[in-house]
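Here is a short briefing for anyone meeting this protein for the first time. Please take a look at the sequence and the model, then read on.

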Amino acid sequence: MLVQITVVGVLPHAAGFNAPVAAAYGVLFGPSGVVLASVAAMLSTYGWMVGSVLNTPRILYSMGERGELPAVLARVHPRFRTPHVAIVVYAAAGFGVAAYGSFAANATLGAIVRLVTYGLVAGSLLVFRRRGLAPPGFHLPMAGIIAPAAIAFCVWLLSTRTFTQAWILLAMIAAGAALWWASARRGQRPARV
């Protein structure tokens with residue numbers, strides 16, 4: 001957030017720059033600032049990518065194991081003990097999205113997916129509270145105000161997107177629902193608690 005505030009404060013028309021963070025650091029620190037900002041952005045992106053590559057296939061594996069996605073995603077390599085099918089599926093999906101869209105389109109998609117995730121997490125807090133399933137030791141004061149405000153804020157931000165920007169999210173939701181439904185039809189899903 002501080003980087004965003006700095007960029008907007010230093011560059012009045014930040015949207016007009018191809019690399020606004022590097023441009024802002026260039027204004028503040030000269031040519032060495034451009035290099036510093038570019039290296040920092042690459043390291044940050046690399047760290048996020050490594051975390052995503054390690055984390056997301058394990059989510060697919062877990063969902064396959066629980067019957068929420070096809071069971072093939074829960075296969076573990078006999079030698080390396082890794083969820084190899086989930087890793088390949090994630091890599092193929094990532095490559096497809098990267099090859100199909102531009103950086104701006106993929107950044108927008110990432111923001112839309114995060115907004116949906118944040119909104120669902122805020123909604124789940126209300127559901128868990130109503131069902132008495134809140135984790136022990138966790139209590140969010142004024143959750144009855146904060147969670148609906150967070151959901152409303154996410155919905156408002158999503159409403160500013162065009163259908164051209166959001167259609168891929170709808171396609172992903174449809175594909176996920178189809179996979180979930182297929183898993184349910186095969187009887188893979190365990191009984192609900």
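Of the 193 residues in the protein, 19% are buried, where buried means under 20% relative accessible area, exposed means over 50%, and partly exposed lies in between (1.4 Å probe, protein chains only). This is a predicted model: local features need pLDDT of at least 70, side-chain atom pairs count only at pLDDT 80 or more, and totals for chains, interfaces and linings use all residues. Residues are numbered from 1 along each chain as its sequence is written, and side-chain values use heavy atoms, with hydrogens and water left out.

**Overall build**

- The protein has 7 helices and 0 strands; helices (H or I, at least four residues) and strands (E, at least two) are DSSP runs, numbered from the N terminus.
- With a radius of gyration of 21 Å, well over the 16 Å that the globule rule gives for 193 residues, the protein is more spread out than a compact globule. That radius is taken over C-alpha atoms, and the globule rule is 2.2 Å times the number of residues to the power 0.38.
- The C-alpha trace spans about 60 × 45 × 35 Å along its principal axes.
- The accessible surface comes to about 13700 Å², and 72% of it belongs to carbon and sulfur atoms. Accessible areas come from the Shrake-Rupley method with a 1.4 Å probe; for residues, only the protein chains shown count as cover.
- Among contacts between residues at least 6 apart in sequence, 45% join residues at least 24 apart; contact means heavy atoms within 4.5 Å.

**Helix α3 and what follows**

- Helix α3 has 35 residues and reaches 51 Å from its first C-alpha to its last, close to the 51 Å expected at 1.5 Å a residue. The expected span of a helix is 1.5 Å times one less than its number of residues.
- A bend of about 25° occurs in α3 at S52, the bend being the angle between axes fitted to the seven residues ending there and the seven starting there.
- S52 is also one of the buried residues of α3, along with G33, A37, P57, L60 and G64.
- The cover over the buried residues of α3 includes α2 (20-29) and α4.
- Just after α3 comes G67, with a positive phi of about 85°.

**Helix α4**

- A86 sits in helix α4 and counts as buried, at 0% relative accessibility.
- Leaving aside neighbours within four places in sequence, A86 is in contact with P57, L60, Y61 and L73.
- A86 and A74 are 12 residues apart along the chain, and their C-alpha atoms are separated by 7.2 Å.
- G94, also found in helix α4, is partly exposed, with a relative accessible area of 33%.
- Between G94 and V34 there are 60 residues in sequence and 29 Å in space, C-alpha to C-alpha.

**Helix α5**

- Helix α5 has 29 residues and reaches 41 Å from its first C-alpha to its last, close to the 42 Å expected at 1.5 Å a residue.
- Its buried residues are T108, L109, G110, I112, L115, G119, A122, G123 and L125.
- T108 counts as buried at 19% relative accessibility. Apart from neighbours within four places in sequence, T108 is in contact with R161 and Q165.
- G132 follows α5 and has a positive phi, near 75°.

**Loops with positive phi**

- Most residues other than glycine have a negative phi.
- R81, a residue other than glycine, has a positive phi near 60°. R81 lies in the loop between α3 (31-65) and α4 (84-100) and counts as exposed, at 59% relative accessibility.
- M142 has a positive phi of about 60° although it is not a glycine. The place of M142 is the loop between α5 (103-131) and α6 (143-159), and M142 is exposed, with a relative accessible area of 57%.

**A charged pair**

- Side chains of opposite charge can pair when their charged atoms come close.
- The count comes to 1 salt bridge, by the rule that a side-chain nitrogen of Lys or Arg lies within 4 Å of a carboxyl oxygen of Asp or Glu.
- E68 forms a salt bridge with R66, and the closest N and O atoms are 2.9 Å apart. R66 is partly exposed, with a relative accessible area of 45%.
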